[in-house]
Amino acid sequence: MSTKVEEAQFSLDWLKWLVVVAIVLGGAVANSFYAGDLALYLRALVLIVLGGVAAFIAVNTAKGNAFWNLLKAAQVEVRKVVWPSRQETTQTTLIVAVVVVVTALILWGLDTGLGYLASLIIG
């Protein structure tokens, strides 16, 4: 039994990226041009649709497809993470806060002491 995995073919990637850039720039120019004429929600809706079209075209390029696969792999890895409980988070936060305060007091003491010694030496 032989199974062949077909590689995705990406042709004319440069043209696709050119179209993506044209869509994004055209949307930005149109948004500023129609700022006083159209309601905000209409302009936002048009920009969302244009962004979706641009993203769809970008994903159909080699680099866009690689980025999409990276995002999917990252999502799988995030599901594997064992998140700390509320108690562990609270305890860790309190430990960090105490260490920061103690470090601040030590640095303040050193600064004050060295400043006092410098004032004795300088006069």
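## An aromatic pair

There is one aromatic pair to look for here, counting rings of Phe, Tyr and Trp (its six-membered ring) whose centres lie within 6.5 Å. The ring centres of Phe 33 and Tyr 34 are 4.9 Å apart and their planes meet at 85°, so the pair is edge-to-face (over 60 degrees; under 30 would be stacked, the rest tilted). Phe 33 is exposed at 61% relative accessible area, while Tyr 34 is partly exposed at 37% (buried is under 20%, exposed over 50%, partly exposed in between, with a 1.4 Å probe and protein chains only).

## About the model

This is a predicted model: local features need pLDDT of at least 70, side-chain atom pairs count only at pLDDT 80 or more, and totals for chains, interfaces and linings use all residues. Residues are numbered from 1 along each chain as its sequence is written, and side-chain values use heavy atoms, without hydrogens and water.

## Two helices side by side

Follow helix H1 (residues 13–33) and helix H2 (residues 40–59): their axes come within 9 Å and cross at roughly 170°. The two are therefore roughly antiparallel (over 145 degrees). Residues in contact (heavy atoms within 4.5 Å) include Trp 17 and Ile 23 of H1 and Leu 47 and Leu 50 of H2.

The structure has one salt bridge, meaning a side-chain nitrogen of Lys or Arg within 4 Å of a carboxyl oxygen of Asp or Glu. Lys 80 pairs with Glu 77, with the closest N and O atoms 3.3 Å apart. Both lie in helix H3 (residues 62–80), three residues apart, about one turn of the helix. Lys 80 is exposed at 56%, and Glu 77 is partly exposed at 45%.

Terms used. Axes are lines fitted to C-alpha atoms, for helices over the stretch in contact, and angles run from 0 to 180 degrees between N-to-C directions. Helices (H or I, at least four residues) and strands (E, at least two) are DSSP runs, numbered from the N terminus. Angles under 35 degrees count as roughly parallel, over 145 as roughly antiparallel, 65 to 115 as roughly perpendicular and the rest as oblique.
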